Amino acid sequence: MIDVSAMTVARAGAAFRAGHFSPRDLAETYLKRVNELDGVLNSYITVTSDAAMSLAERATEELARGVDRGPLHGIPVAYKDLFDTAGVRTTAASRIYAHRVPDRDADVVRALSNAGVVPLGKLNMLEFAYGVVHPDYGPARNPWNLERSSGGSSSGSAVAVAAGLCLAALGSDTGGSIRMPAAWCGVVGFKPTYDLVSRAGVVPLSWSLDHVGPLTRTAHDAALMLEAMIPRPDGTNARGRGFRAAALDAVEVPRLRIGVPRQLLDAGVDQAVRRLIEDALSDLAECGTAIEDVSLGDLDDILAAELTILFAEASAFHIPWLRERAEDYAQLTRERLEAGVAVPAVHYINALRAREAIVGVFREVFRNVDLVALPGAPTTAMGLDEKYLSINGDPVDIFRGLIRITGPFNLTGTPAVSVPCGCAADGLPVGLQLAGRWYEDHVVLAAARAFEERRAAPLRLPALDGHLRR
Amino acid sequence: MTRQVLVAVLAASGIRVTDADIVRVEVLVAALRVDGERLTARVAPDAQPLLQIGQLGPAEPTS
């Protein structure tokens with residue numbers, strides 16, 4: 001078996017082409033790890049071993065005869081279980097969709113297939129990405145401490161990448177659902193600019209806040225994934241916007257200016273996390289970047305607009321099942337959906353009016369700085385059974401406490417990454433969040449990569465040997 | 001929002017709820033109502049709704 005403790009997409013691709021091992025060998029290794037470890041981690045809902053080995057064989061044979069589809073060719077990946085996959089059950093971790101088998105792939109799944117990836121299966125998540133574990137599926141456990149939450153809603157995606165059960169995963173992010181689990185599980189989670197990646201064939205939570213993005217072990221791997229996720233042959237999306245991983249190399253990171261919203265960092269973030277973010281900002285300053293304070297405007301307005309839009313749009317999508325199968329939802333999912341039905345149209349429209357003003361504030365912010373820095377989550381991973389976040393000893397509503405940190409970049413559609421920046425005293429990972437201007441995804445990822453290089457922290461896997469099923 | 005109104009809104013949407021459901025949902029609705037009222041009071045009179053997020057557009061590049 002191959003040692004995958006320090007494996008990345010880039011390293012695997014280089015090893016394929018140097019003949020050190022093949023896509024078939026790598027798929028076997030990862031499937032063995034899934035078989036041994038996922039009984040306890042619960043990161044997969046469906047494992048597609050036979051299809052994966054068939055595609056791995058094909059990638060091996062293609063590379064051997066010089067057919068090279070690029071950096072993702074032969075790479076073992078997995079998809080959050082709300083990406084439609086033709087012929088493979090797509091549950092959204094719900095009872096409502098428990099037996100749903102799409103007849104076509106989501107656009108982004110098709111794009112990755114064309115890039116030659118080897119999908120290992122479909123990943124656990126919070127029910128319909130709405131913040132709640134459905135009892136039929138159970139939680140994906142945090143591999144750094146099995147009694148802690150892995151966050152969500154892309155919980156299985158973060159766990160599988162962190163634990164070495166795939167090399168890269170797809171997630172979706174409506175209020176922080178890629179970045180927050182990435183922060184809690186110690187991996188890179190990237191939410192691209194709104195609309196850069198197609199959402200066709202992705203089960204929606206809130207159309208105007210949903211983003212599709214990758215979870216990986218490095219920022220460079222996230223860039224490789226993102227380039228392959230944009231399906232058109234010329235590398236652009238339907239709006240003519242594109243992304244090239246090579247663009248990261250042209251970014252002069254020491255010339256960047258980073259803004260820190262102190263009002264949010266000081267009040268909405270636990271001290272243990274804040275300390276590591278301050279250390280990370282010091283390291284970025286030593287790279288030559290300028291660090292300065294910024295204001296994102298009224299944070300209560302941002303949260304209010306995000307939640308009003310989210311609740312109303314989610315209920316609009318779910319209303320047919322809410323009428324006919326309300327008892328099939330997890331209790332809190334149902335309650336959120338029922339509450340969303342009661343959001344007056346007046347409030348929804350006014351939230352959209354407020355959104356326009358908030359976008360204006362962000363345009364001003366990004367005239368003065370290139371990036372905004374915050375944590376990927378305000379605390380380290382909470383206990384599996386805890387009902388509230390604990391921020392500096394105060395109990396805070398989980399949904400609001402998390403979305404306050406990450407949601408501003410969903411409301412404005414700006415690109416944002418969470419990159420690991422160390423572990424707190426409880427041994428759990430913390431993520432540094434960097435957000436940038438619309439369509440400057442390459443700047444965000446270049447800064448994250450420069451931070452990784454500055455830290456030079458070796459990649460490692462959580463110690464799970466005691467849980468191996470042999 | 002009074003309980004009567006909440007029940008009426010849900011019933012008009014075809015959603016059957018018990019008294020216990022209503023008690024739990026009321027808390028969430030109350031929080032959302034506070035959000036909505038606050039936003040409504042603060043939106044500038046001439047503000048337009050952002051109906052298509054594609055209108056976001058890029059800020060002028062400076063890097």
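User: In what order do the eleven strands of the open sheet in chain A run?
Analyst: The order is β1-β3-β2-β4-β6-β5-β12-β13-β9-β7-β8 in chain A, with mixed pairing. Strands are DSSP runs of E, at least two residues, and helices are H or I runs of at least four, numbered from the N terminus; two strands pair if DSSP finds at least two bridges between them. This is a predicted model, where local features need pLDDT of at least 70, side-chain atom pairs count only at pLDDT 80 or more, and totals for chains, interfaces and linings use all residues. Residues are numbered from 1 along each chain as its sequence is written, with chains lettered from A and ligands numbered from 1 in the order written.

User: Which strands stand at the edges?
Analyst: β1 and β8 (290-294) of chain A, each with a single partner strand, so one side of each has no neighbour in the sheet.

User: And how do β7 and β9 of chain A pair?
Analyst: β7(A) (257-261) and β9(A) (371-375) pair in the parallel sense over two bridges. Ile258(A) stands opposite Leu371(A) there.

User: Switching to helices: where is the kink in α2 of chain A centred?
Analyst: On Asn35(A), with a kink of about 40° in α2(A) (23-41). The bend is the angle between axes fitted to the seven residues ending there and the seven starting there.

User: What comes just after α2(A)?
Analyst: Asn42(A), which takes a positive phi of about 60°.
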